[in-house]
Amino acid sequence: MGVCSNLNQPWNSIHPTVTLFRYCKTQADINQIHARIITTGLIRSSLLTTKLIISFTSSQHTPLIKFARYVLNYRNDGDPFLWNLVIKCFSHGEEPIEAVVLFCLMLEKGVFVDKFSFSLVLKACSRLQLVNEGVQIHGLLRKFEFGCDLVLQNCLICMYCKCGCVELGRRVFDEMIVRDSVSFNSMIDGYVKSGKIGLGRDLFDSMPVELRNLITWNCMISGYGDRFESAWELFREMPERDLISWNLMLDCCAKCGEMEVANDLFNKMPKRDVISWANMIDGYGRLGCVDIARGLFDDMGERDVVSYNVMMAGYVQNGHCKEALELFHVMLRERKFYPDHTTFVITLSAIAQLGNIDEGIFVHRYLEENNFMVEGKLGVSLINMYAKCGSIEIAMHVFEIIKEKNADHWNAMIGGLAVHGLGEIAFDLFIEMERLCVQPDDITFIGVLNACGHAGMVKEGIICFEIMRRIHKLEPKLQHYGCMVDILGRAGHIEEAARFIQDMPIEPNDVVWRTLLSACKIYENLSIGEDVAKYLIRRDPHNSGSYVLLSNIYASLSMWDCVRNVRTIMKERELEKIPGCSWIEIEGAPHEFLVGDRLHPQAKEIYSSLDMWHNIIRDVMF
Amino acid sequence: MKNDYGIVPGYEHYLGVVDVLGKSGHLNEAVEFVDNMPVEPTAEIWEALVNLSRLHGDIELEDRAEEMLASFDPSRERVDKLPVPLPKRHSVPNMLQVNNKVSEYRCLNPYKGNRYENFKGLNGQMREAGYVPDTRYVLHDIDQEAKEQALMYHSERLAIAYGLISTPARTTLRIIKNLRICGDCHNAIKIMSMIVGRELIVRDNKRFHHFRDGICSCGDYW
């Protein structure tokens with residue numbers, strides 16, 4: 001864009017500049033405008049800056065909005081309209097915190113603050129969940145005698161609910177002399193979002209019928225997302241429905257597994273969108289019907305990244321990780337739209353389950369090349385992927401470069417170190433977590449305890465268990481008790497492990513008992529193992545694992561008659577032992593082997609190789 | 001095959017069918033297939049049935065298959081029941097056999113030479129490694145020789161063997177196993193990692209094992 005003087009206008013005329021405002025889009029454009037208004041002194045022109053602010057605040061380009069904010073500082077007249085325009089851009093835009101800052105500047109500069117200013121800054125506080133600032137603004141607007149303004153009261157309700165303080169929102173609601181649909185909708189939404197569906201329903205029922213609108217009904221249905229009957233009842237009672245209503249009902253059906261109803265609704269919908277299709281794909285994926293889900297996906301006229309995500313997630317949830325990965329690559333090849341954070345989280349989860357390190361490295365490189373931040377869930381997924389693909393060193397590197405780590409990052413790293421047997425490092429990481437005052441959660445302690453178990457760190461495991469209970473006041477869950485049994489059992493403290501189970505304050509499940517049984521098998525403890533196995537068999541006669549473990553205990557003690565008895569019982573009950581199976585990936589192709597497998601095309605070479613190795617070892621040894 | 005494709009099935013085809021049926025758990029169908037074969041089942045087929053019966057814990061079938069294996073192929077009986085000590089080898093015959101092995105494997109697997117050269121340099125370390133098949137992990141009522149045989153072809157070893165013959169030297173191998181790795185395989189893989197100079201990473205159902213230079217990351221505690 002070129003800016004030049006017009007010979008028909010005075011050198012400091014605003015007209016040439018104003019006419020070019022609508023062409024500004026980039027920072028470079030702004031720089032030229034900025035240079036011109038500085039050199040011409042027009043920066044002090046109220047008329048020009050007014051036009052500039054009005055023009056730029058109607059733009060969608062961030063540099064223009066920021067420049068409007070900059071120009072605002074040059075004005076001395078304190079026009080609240082212009083301030084509100086700029087605040088609105090930020091409160092609704094990508095940097096709502098700037099709206100709060102500008103509101104403070106208004107007060108500081110003595111600019112008149114009206115109710116529009118309050119509504120805008122409250123919206124910003126809602127988006128940022130700034131409850132402390134919101135409370136201050138609440139007090140301020142009362143001083144300004146706006147406390148009874150309906151719009152502002154609605155904004156307050158919304159702000160408090162978004163900040164998680166539904167009780168405060170309810171107080172505002174109860175104090176209202178006059179309420180409208182927005183009042184009720186905001187309050188119901190607050191209850192729904194905070195999980196207090198009963199209170200939301202009570203308010204819905206007490207709401208004057210004439211005030212109910214589509215938003216009210218949709219909000220209530222969304223609250224019953226996992227209660228099909230309640231949602232269905234409301235859906236049928238709705239006087240009118242929109243696309244959102246249908247989609248919400250589909251979503252509920254998907255979550256509750258009511259796909260027959262969903263299919264019927266889907267066919268009756270007057271209009272569908274990508275969300276409708278995504279809900280259907282998601283629902284069938286949850287039921288394990290990935291073929292049907294894929295059929296729907298293929299039938300979609302237009303897809304978006306969300307539909308890809310739900311299809312990929314369905315694949316991963318049902319163990320079809322390879323198909324999920326293939327779909328990811330299709331997305332990349334087609335280039336109609338680009339993967340988002342959710343896509344990568346799902347993809348990395350698939351790769352982690354496949355153990356395909358090469359694919360993981362490819363995805364990581366893609367993230368780096370496209371400037372994806374590995375903070376947040378992506379970082380967690382990367383750490384988890386590398387750990388599960390056997391590259392704990394790279395996982396550690398990813399962990400270290402994440403600047404703002406949350407508990408999930410620490411959990412992923414500790415868990416990864418645990419399964420790699422690096423218990424001491426995991427324990428040190430836990431201590432570091434404590435030192436940095438990162439609040440651990442249940443998962444943290446599961447990871448640390450697992451790490452201690454795999455590394456034989458009995459003392460440290462007990463210490464962690466007590467830290468969890470006494471310092472962090474976390475009530476141990478079943479998994480934690482199971483970890484403790486594992487720690488004791490692996491170290492050979494069978495009697496102590498058995499006693500620990502007996503002293504558990506909650507009912508131990510089969511997993512806990514089987515953990516003890518596994519330890520009995522390792523240490524050939526027949527007296528405890530036999531009792532535990534028989535107990536497990538009585539509880540679940542169809543779980544072959546208990547029989548196999550018991551049989552193995554007998555076999556390790558050469559009690560062959562007992563072995564035969566157990567195997568006979570298994571055969572009578574048609575139970576099969578899970579055969580050993582191993583996978584290796586060579587040049588992107590997985591190869592599967594069962595014990596004694598001879599089906600591989602290169603079986604002869606494989607067996608010859610093994611025989612050679614065994615012979616070499618034998619020759620060397622003897 | 002014969003009627004539709006004009007291919008006369010050989011023993012390898014019959015063996016393949018037995019393997020497929022057996023691995024999918026259809027042992028009865030596999031036995032029925034063997035019983036109805038138009039040709040006499042070979043020792044390999046009965047051996048496959050022995051392995052499959054052990055795999056699925058069918059003791060009766062295992063006994064029958066072993067009996068048939070012994071009766072149909074007397075040479076197996078000598079191997080299984082009358083173990084003969086290996087003759088002491090002299091340097092010259094050993095060199096000839098080593099040369100034969102190298103020649104044979106170099107034709108089939110281009111990477112073998114590097115591995116064998118690594119092996120020769122690790123002779124001393126192998127003696128210090130102290131590996132012997134630990135038959136405690138074979139939980140079957142069979143003799144010692146059979147136990148050693150049973151240990152040799154666990155799935156993770158097959159996967160590693162395939163990886164070794166399919167990838168260049170020093171390539172890290174990553175294997176995933178659905179069950180807990182047994183103690184003997186753990187020991188054997190440690191020694192293999194030392195011989196081949198590669199990192200062998202095994203992920204079993206409990207954890208990761210990083211085998212490198214004869215040492216595992218788990219510290220032999222899993």
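## Strand pairing and helix packing in a predicted model

A:Cys581 stands opposite A:Leu594, which lies in strand 2 of chain A. The model is predicted, so that local features need pLDDT of at least 70 and side-chain atom pairs count only at pLDDT 80 or more, whereas totals for chains, interfaces and linings use all residues. Residues are numbered from 1 along each chain as its sequence is written, chains are lettered from A and ligands numbered from 1 in the order in which they are written, and side-chain values use heavy atoms, with hydrogens and water left out.

Strand 1 (residues 581-586) of chain A pairs with strand 2 (residues 589-594) of chain A in the antiparallel sense over 6 bridges. Strands are DSSP runs of E with at least two residues, helices are runs of H or I with at least four, and both are numbered from the N terminus; pairing requires at least two DSSP bridges between two strands. The hairpin of these strands has 2 residues between them, and A:Glu587 takes a positive phi near 50°. Strand 1 of chain A also pairs with strand 1 (residues 173-177) of chain B, in the antiparallel sense over 3 bridges. There, A:Ser582 has B:Lys177 as its bridge partner.

Axes are lines fitted to C-alpha atoms, for helices over the stretch in contact, and angles run from 0 to 180 degrees between N-to-C directions.

| Helix pair | Angle | Axis separation |
|---|---|---|
| Helix 31 (residues 510-522) and helix 32 (residues 526-539) of chain A | about 150° | 9 Å |
| Helix 28 (residues 458-471) and helix 29 (residues 478-490) of chain A | about 160° | 10 Å |

Helix 28 and helix 29 of chain A are therefore roughly antiparallel to each other, a term for angles over 145 degrees. Helix 28 of chain A passes helix 29 of chain A in a left-handed crossing, meaning that the near helix is turned anticlockwise from the far one by less than a right angle.

Residues 242-276 of chain A are 77% helix and 0% strand, with end C-alpha atoms 12 Å apart.

Definitions and conventions. Parallel < 35°, antiparallel > 145°, perpendicular 65-115°, else oblique.
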